[in-house]
Amino acid sequence: MIRLKFEPRLYNPPWVNVLIPVAAVIFGLLAGGVLFAFLGVNPLKAYHEVLKGALGSSYGISEIVTKAIPLTLTALGGLICYKMLVWNIGGEGQLCLGAIATVAVVRYFPVDNWAVMFVMMFAAGAAAGGLWCMLAGVLKARWNVNETITTLMLNYIGINLSEYFIYGPWKDPMSMGFPFTPNFPDAARLWVFGNTRIHGGIFIALAIAVVFQIILKRSKWGYEISVIGENPRAARYAGIDISKNILLVTFIGGAVAGLAGMSEMAGLYGRMSRGFSMGYGYTGILVAWLARLSPIYVPLVAFLMGILLVGGDTLQVVMGLPLASLQILQGLILFSVLAAETLSRFKISVVHVEREKAASGGGEEA
């Protein structure tokens with residue numbers, strides 16, 4: 001008789017840290033292939049159509065970058081919280097609050113100056129998303145309320161709040177009944193690259209990724225975040241204020257996700273309409289974990305996830321697969337990554353029970 005023995009692994013070789021996410025993604029794609037086969041579609045053909053639709057034209061590549069911008073920002077907003085074991089699942093709601101605040105600035109404080117409008121929209125989007133997330137942080141720090149539940153519930157409030165304004169007081173009277181707000185003036189728009197939809201939000205996303213990498217790897221506060229995440233009891237013994245840091249990371253994480261909403265409004269759409277987020281806040285969770293909580297890798301992983309999102313549109317149009325199949329595939333990849341991340345912390349060995357008993361019995365007799 002044999003059994004598996006799990007022992008905590010104190011150190012992972014560098015090759016393991018590279019192999020684990022790659023193997024997890026491959027396993028998730030294989031599981032997705034089983035799903036496609038169950039739906040009556042050739043898995044190889046399905047993945048070929050995904051790559052062809054995403055990378056087969058300059059338009060497809062530009063759309064990948066366009067989707068990678070909010071994915072990067074929402075992933076970074078969650079990542080800084082996850083490093084401290086604060087489970088911010090509310091990127092979707094924080095993105096919506098950032099978008100609402102941006103539209104409010106354009107609607108009530110219009111200025112015919114691009115620089116002034118950009119600063120105002122940036123500050124409003126970040127503040128709205130940060131304060132929205134910090135609501136969960138206050139409950140966590142003060143009463144130890146589970147932040148996973150509160151941030152998740154705040155998503156629904158944020159989404160429905162945006163729809164209230166879209167269908168209600170901010171609805172464009174010239175929209176012929178369609179649910180969207182009036183167009184932004186030119187002074188409130190981020191510039192775009194040529195004829196593509198890639199906008200200036202890409203620089204915000206890349207800059208924050210670099211700043212987070214420096215903070216987490218080189219600063220005292222980054223060290224405090226790591227200590228709290230790895231051993232809260234040791235952090236308290238060292239005099240680190242955990243409650244203060246919870247409030248700080250939830251505000252900063254929410255602020256970055258709020259900037260995703262700001263960049264989508266000012267850069268991509270130029271107005272707020274129903275369904276503008278496309279679930280970026282939820283997909284950002286997957287991006288953060290695929291990047292192994294390393295900020296500098298988040299933009300790359302967001303680009304790869306963008307391939308899946310853009311290619312997924314091809315699956316719907318060409319192969320007639322429902323949107324839910326793509327969402328299931330994302331879930332399979334996420335579960336594979338989380339399972340691999342958990343297993344990587346243990347050394348797994350096969351033990352023969354009879355031999356182990358004989359060895360322990362022989363030792364006692366000796």
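Residues are numbered from 1 along each chain as its sequence is written, and side-chain values use heavy atoms, with hydrogens and water left out. Because the model is predicted, local features need pLDDT of at least 70 and side-chain atom pairs count only at pLDDT 80 or more, while totals for chains, interfaces and linings use all residues.

**Exercise 1.** Describe how helix 4 and helix 6 cross, and which residues meet.

Step 1. The axes of helix 4 (residues 91-108) and helix 6 (residues 147-167) come within 7 Å and cross at roughly 30 degrees, where helices are DSSP runs of H or I with at least four residues, numbered from the N terminus, and axes are lines fitted to C-alpha atoms over the stretch in contact, with angles from 0 to 180 degrees between N-to-C directions.

Step 2. The two helices are therefore roughly parallel to each other, a term for angles under 35 degrees.

Step 3. On the side of helix 4, Gly91, Glu92, Gly93, Cys96, Leu97 and Ile100 take part, and they meet residues of helix 6 including Leu154, Gly158 and Phe165; contact means heavy atoms within 4.5 Å.

**Exercise 2.** Identify the residues that touch the most other members of the largest nonpolar core.

Step 1. A nonpolar core is a set of buried Ala, Val, Leu, Ile, Met, Phe, Trp, Tyr and Cys residues joined through side-chain atoms within 4.5 Å, and buried means under 20% relative accessible area, exposed over 50% and partly exposed in between, with a 1.4 Å probe and protein chains only.

Step 2. Of the 86 residues in the largest core, Leu73, Ile208 and Met272 touch the most other members.

Step 3. Apart from this core lies another, of six residues, among them Trp132 and Leu154.

**Exercise 3.** Decide whether threonine 66, leucine 71 and leucine 55 are buried or partly exposed.

Step 1. Threonine 66, placed in helix 3 (residues 58-82), counts as buried because its relative accessibility is 2%.

Step 2. Leucine 55 lies in helix 2 (residues 43-55) and counts as partly exposed, because its relative accessibility is 39%; leaving aside neighbours within four places in sequence, leucine 55 is in contact with Ile61, Ile64 and Ile307.

Terms used
Angles under 35 degrees count as roughly parallel, over 145 as roughly antiparallel, 65 to 115 as roughly perpendicular and the rest as oblique.
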